[in-house]
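This report covers a helix packing and a set of salt bridges. The structure is shown first.

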Amino acid sequence: MASQVAPPSTLHTPSTSTSTSLSTPLSPSSPSTPSQLSPDEMELLARLEEQNRLLETDSKSLKSVNGSRRNSGASLVSSSSASSNLSHLEEDTWILWGRIVNDWEEVRKKKEKQLKELVRKGIPHHFRAIVWQLLCNAQNMPIKDQYSELLKMTSPCEKLIRRDIARTYPEHEFFKEKDSLGQEVLFNVMKAYSLVDREVGYCQGSAFIVGLLLMQMPEEEAFCVFVKLMQDYRLRELFKPSMAELGLCMYQFECMIQELLPELHLHFQAQSFHTSMYASSWFLTIFLTSFPLTVATRIFDIFMCEGLEIVFRVGLAILQMNQAELMQLDMEGMLQHFQKVIPHQLETGHDKVILTAYQVKYNAKKMKKLEKEYTTIKTKEMEEQVEIKRLRTENRLLKQRIETLEKESASLADRLIQGQVTRAQEAEESYLVKRELATVRQQHEEASARLEQAHGTIRQLQQQQEQLQRGPQPPAQPKCNPCYTEEMVVQLERELVQARLKEAESQCALKEMQDKVLNMEKRNADLPDDSNVVRLQEELIGVKLREAEAVTGLKELRQQVRDLEDHWQRHLARTAGRWKDSPGRTR
C-alpha cells in the first residue's frame, strides 16, 4: 500500500478521556446500538460528527486534497508536528481514524458494524485516500506495476476520452484548465482502464468517478481503486455496452417507488416520467453529476463500504423529501426540479438526506426477488424477439416463394395462351391446306378421267387403223373419211399431250400438297394436344391453389406478427417504457 498511517505513538495524544480505545464499540449513537457505547465514546462520536461538518465546509481541507495527491508516498498522519496546529476535535478525529487504519484487519473482522456507522458519519478528508483503498482491498494490487506500461500503449478510445475530459468537473480547480495536470492524469487512468478491459473500454460517466478518486490520491492508486470498483461493485456491469445492469437497477428502483411512494409513482406514470429520465445518472456516477461534490463524496464514502444499496436508499430519500413538490409539477417542471432545486437543497442539508436514507425500508431478499423477476421478464422479451424474428424470416421466405409461384404461374399462363394461339393458327393453316389439297385432288381426278377417256379414244382409233390395214371392210360397214380420221388423230394426240402435261403438273402439285400435309402433321404432333392442354390447365390450377395457400399462410403469419407486436407494445407500456430513455452511451 502506497500510503501508510503512522502508528498511534507518533500522534499527538490529548487527555486520556478522549483517547478511546478500539477495544470498545466504535458505533456512534444510533437506534441500533445505543447500549453498546460508553458515555466517553458517545461524547467523542458526537464531537466527530460536528468536526466532519466543519471539515467538509473548510476550504483549507479542499486544498489539502491536492497536497495529499502530490505526496502519495508520505504518511497521511505523519508526525506530532503535523497535528500540533489542529484543534482538539481534529486531534480526536486523527487519533480515532489513525487507530482504525493501523488496526484495519482487526477492525474489519471484529467491528464491521461499528466501522459502517463511522463511515456513515463521514470519512475525514485526510483519510479518504487510504480508507477507500482499504475498503475495496485495492492496496498492493499487481496491476499497479503494469500501469506505466499501459500508458505507453495506444487505446482505440483515446479520441472519445479526450473529447469528454473537458466536460468532467469543468468548474473544479484541478480539472478546469485545458491540458492541466488534472486533465492529463484523468486521461491516463481512463486510457489505462480501456486497455485492461476492452469489452467495456470507455463509457461516459465513468470519468466522474475517476476524477473523484484523483482528488484524493495519485493516479496509480486511483487506477487500482477504479479497477476494484468496476470488478467488485457492479460498476462494470453498469458500464457494459448492453447496460443490462442499469436496466435491472431501474426496475428495482421503480418497484421500490411503487411500494413505498405509490402516489408519486402514479403521478410519474401519468406524466410519462420514466425512472431512467432522472435516476440513470444517479447509478452511473453515484450522484457525482447530480449533487454538490461535498454531498456526493459523503455518499461515495458509504458506497465504498456498502455498495449500490446507498444509491437506492438516497434516491428514495430524495423522492420522499420532495414528494409534495413533485406531485404539483408536470414532466418539464419535474426535470427542472431534479436538475436545480434538489442540488440547491442538498448544499446545506446533506446530513438530513443521509439520515432519511437509512430510514428507508430496504429488503435485500426483496431486491433478489426483483432481480429474478427482471431476469424472467428479459428472458421472455428475448424469446418474443426471437419468435418475432423467426416469423419475420418465415414471412420473408413466404413472400419470396409467392413471388416465385406468381412468376411460374404467369409463365405457365403465357405458355398456355401462346400454345392455344399457335394451335389455332396451325389449325387454320391445316384447314386451308386440306381445302387446297381437296381442290388439287379433284383436279387430279378430273385430269385422270380425261386422260382415261383420251386413252379409250386412242385405243378405238388404233383398232380402226388396224382394221384398215388388214383389208376392206365388210359391205355392211360404211367407209370412213381418211382426212377426217387423220385430223382427229392429230387432235387427239394434242389433247393427250396436254392431258399428260396436266397430269404431270397435278402430280407435282399433289406431291407438294402431300409434303405440306406431312409438315403440318409433324407440326401438329409438336403442338400440345387436347390432353396436353388439359394437363397444362390442371398444372396452372395447381399453381393457383398453391399460391392461394401461400397467400393464406402469409395472412396468418402477418396476423401472428400483428398479435405479437400488439402484445409487445402492451408489454412495453407496462414495463419496458422505463428503459427507453436510458442515457446515451458513447463507445
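## Salt bridges overall

The model is predicted. Across the whole structure, a search finds 20 salt bridges.

## A network around Arg236

Salt bridges link Asp197, Glu199, Arg236, Glu237 and Lys240 in a network. Within it, the side chains of Arg236 and Asp197 meet with an N to O distance of 2.6 Å. This pair links distant parts of the chain, 39 residues apart: Arg236 belongs to helix 13 (residues 235-239), and Asp197 to the loop between helix 10 (181-196) and helix 11 (206-216). Asp197 has 8% relative accessibility and therefore counts as buried.

Arg236 also forms a salt bridge with Glu199, with the closest N and O atoms 2.9 Å apart. Glu199 lies in the loop between helix 10 and helix 11, 37 residues from Arg236 in helix 13. With a relative accessible area of 42%, Glu199 is partly exposed.

Glu106 and Lys110 form a salt bridge in which the closest N and O atoms are 4.0 Å apart. Both residues lie in helix 5 (residues 104-110), separated by four residues, or about one turn of the helix. Glu106 is partly exposed at 45% relative accessibility, while Lys110 is exposed, with a relative accessible area of 63%.

## Packing of helices 14 and 18

Helix 14 (residues 244-260) packs against helix 18 (residues 309-321) at about 40 degrees, and their axes are 11 Å apart. The two helices are therefore oblique to each other, and their crossing is right-handed.

From helix 14, Cys249, Gln252, Phe253, Met256, Ile257 and Leu260 meet Phe312, Gly315, Leu316 and Leu319 of helix 18. This contact has eight nonpolar, two polar and no charged residues.

Methods: Residues are numbered from 1 along each chain as its sequence is written. This is a predicted model: local features need pLDDT of at least 70, side-chain atom pairs count only at pLDDT 80 or more; totals for chains, interfaces and linings use all residues. Side-chain values use heavy atoms; hydrogens and water are left out. Axes are lines fitted to C-alpha atoms, for helices over the stretch in contact, and angles run from 0 to 180 degrees between N-to-C directions. Angles under 35 degrees count as roughly parallel, over 145 as roughly antiparallel, 65 to 115 as roughly perpendicular and the rest as oblique. A crossing is left-handed if the near helix is turned anticlockwise from the far one by less than a right angle, and right-handed if clockwise. Contact means heavy atoms within 4.5 Å. Ala, Val, Leu, Ile, Met, Phe, Trp, Tyr, Cys and Pro count as nonpolar, Asp, Glu, Lys and Arg as charged, and the others, Gly among them, as polar. Buried means under 20% relative accessible area, exposed over 50%, partly exposed in between (1.4 Å probe, protein chains only).
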